[in-house]
Amino acid sequence: MTNDTPSRHVRSLLDAPAQHRSELGSITRLTADDFPLLRGLSIKRLVLAPGSIREPHWHANADEIGYCLAGDVLVSILDNADVFSSFTISAGQMFTIGSGSLHHIENIGDGEAEIVVAFSHERPEDFSLHAAFGTMTDAVLGNTYDLESSAFAPLTRDTGSADIVARSGPAVVPDTAGFGNPHKFDVEGQNPPLSYPFAHVKLARSQFWPALENLSMYSLTIEEEGMREPHWHPRTAEMGYVHKGRARMSVLDPDGTVDTYLLGPGDVYFIPKAYPHRIEVVGDDEIHFLIFFDQPTPGDIGYRASVSAFSRPVLAATFGVTVDELPEFPFTPIDPLLVARRNPVDPVG
């Protein structure tokens with residue numbers, strides 16, 4: 001299957017249903033309602049105009065991990081009654097927020113801010129601080145804050161959510177907002193743990209970012225001469241966002257069908273647990289993928305290690321050839337993750 005026929009594994013996040021769209025910014029999202037294959041993961045793209053705020057809110061059933069593609073934002077998180085964080089994030093940096101934690105995201109820069117956010121549930125549930133206040137009467141709020149109930153009369157009161165609101169005046173950024181924080185991770189500032197002449201991978205997983213509990217992310221860059229080795233994740237689903245470049249992916253479904261499709265900027269793909277797949281560059285430019293996983297440290301089984309696990313007679317019987325007809329597979333105890341392209345690209349189409 002190619003992009004001429006819609007793939008059940010792919011959707012565009014740029015053209016996805018809008019949770020919010022206005023002069024203040026936009027939120028587009030892909031959940032299981034619009035992308036039925038999703039399980040344990042979903043994704044949103046948040047765009048904030050200068051001075052705009054993703055209003056204080058929380059997610060009742062999902063952890064959150066965000067990657068800043070552009071701009072400068074302030075993130076504030078109240079984890080519980082006495083644990084508070086406020087820190088800045090810029091392009092190439094990430095944040096993580098636990099389920100139920102109250103947080104906001106505020107554009108404090110002069111340009112547009114763009115953030116891709118993954119969630120640990122296929123249908124994340126949102127609550128806003130605005131809606132929470134709208135639930136309570138003036139008298140209840142007055143008692144809560146030891147104020148007269150009339151003090152709350154000027155507030156707009158309903159249980160809806162604006163999603164994105166406009167700031168009045170300059171941003172209030174704490175002097176300490178530039179410090180490191182357990183919720184924050186500079187993934188693009190990392191020395192790539194996996195680096196080749198044709199590709200590199202930077203890893204936002206619990207090994208490097210201990211705050212992660214249910215999610216992780218790989219920042220994958222592959223040049224024209226490289227390829228992501230065919231592989232599968234034994235206990236991990238994969239959801240990728242294409243930041244730039246053009247790629248081709250193939251995935252094997254349990255019914256024996258092979259879904260091969262092209263990916264471009266803004267596309268999101270989803271691979272269920274243990275489905276074999278591969279990624280290769282099909283254009284002249286490098287690709288950059290943000291690959292999210294539903295585990296803090298994803299596992300991986302590649303094709304190279306797979307054949308090293310069995311004797312040549314077992315492999316010959318498996319592929320229906322004689323031992324002499326088998327390729328001379330290199331012994332590979334540890335999968336390389338990325339491999340060089342030795343052969344021409346198969347025709348696209």
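Q: Which strand gives the most residues to the lining of the largest cavity?
A: This is a predicted model, and its largest cavity has a volume of about 90 Å³. Strand 4 (42-48), strand 5 (52-59) and strand 11 (113-119) are the elements that give two or more residues to its lining. The one that gives the most, with 3 residues, is strand 5.

Q: How many cavities of 30 Å³ or more are there?
A: Rolling a probe the size of a water molecule over the atoms shows where empty space is left. With 30 Å³ as the cut-off, the count is 2.

Q: How many residues of the lining of the largest cavity are nonpolar?
A: The lining is made of Q19, I27, K44, L46, R54, H57, H59, E64, I105, V117 and F119. Sorted by type, 3 of these residues are polar and 3 are charged. The number of nonpolar ones is 5.

Q: Which strands each supply at least two residues of the lining of the second largest cavity?
A: Y218, L220, R228, H231, E238, I291, F293 and L337 line this cavity. By type they divide into 5 nonpolar, 1 polar and 2 charged. The strands that each supply at least two of the lining residues are strand 17 (216-222), strand 18 (226-232) and strand 24 (287-293).

Q: How many residues apart in sequence are the parts that D126 and R54 tie together?
A: The side chains of D126 and R54 meet in a salt bridge, at 3.6 Å from N to O. D126 sits in strand 12 (residues 126-128) and R54 in strand 5, so the pair ties together two separate parts of the chain. Their separation in sequence is 72 residues.

Q: Is R54 buried or exposed?
A: R54 is one of the residues lining the largest cavity. Its salt-bridge partner D126 is partly exposed, with a relative accessible area of 29%. For R54 the relative accessible area is 6%, and buried means under 20%. So R54 counts as buried.

Q: Which residue forms a salt bridge with R167?
A: R167 lies in the loop between strand 13 (164-166) and strand 14 (184-185), and its partner is in strand 10 (residues 102-107), 61 residues apart. The closest N and O atoms of the pair are 3.0 Å apart, and the partner is E106.

Q: How far apart are the closest N and O atoms of R157 and D138?
A: R157 lies in the loop between helix 2 (138-145) and strand 13, while D138 is in helix 2, so this pair ties together parts 19 residues apart in sequence. R157 is partly exposed, with a relative accessible area of 25%, and D138 is partly exposed too, at 28%. The closest N and O atoms of this salt bridge are apart by 2.3 Å.

Q: What accessible area do F319, V321 and F329 have together?
A: These residues form a nonpolar patch on the surface. One of them, F329, lies in the loop between helix 4 (312-319) and strand 26 (338-340). F329 is partly exposed, with a relative accessible area of 33%. Taken together, the accessible area of the patch is about 250 Å².

Terms used. Residues are numbered from 1 along each chain as its sequence is written. This is a predicted model: local features need pLDDT of at least 70, side-chain atom pairs count only at pLDDT 80 or more; totals for chains, interfaces and linings use all residues. Side-chain values use heavy atoms; hydrogens and water are left out. Patches are made of residues with over 30% relative accessible area and no salt bridge: like charges are joined within 9 Å, nonpolar side chains (Val, Leu, Ile, Met, Phe, Trp, Tyr) within 5 Å. Accessible areas come from the Shrake-Rupley method with a 1.4 Å probe; for residues, only the protein chains shown count as cover. A salt bridge is a side-chain nitrogen of Lys or Arg within 4 Å of a carboxyl oxygen of Asp or Glu. Helices (H or I, at least four residues) and strands (E, at least two) are DSSP runs, numbered from the N terminus. Buried means under 20% relative accessible area, exposed over 50%, partly exposed in between (1.4 Å probe, protein chains only). On a 1 Å grid over the protein atoms alone, a cavity is a set of points where a 1.4 Å probe fits but cannot get out, and a pocket is an open set with protein on both sides within 12 Å along at least five of seven lines; lining residues have an atom within 4 Å of a point. Grid points are joined across faces, edges and corners, and a volume is the space filled by probe spheres set on the points. Ala, Val, Leu, Ile, Met, Phe, Trp, Tyr, Cys and Pro count as nonpolar, Asp, Glu, Lys and Arg as charged, and the others, Gly among them, as polar.
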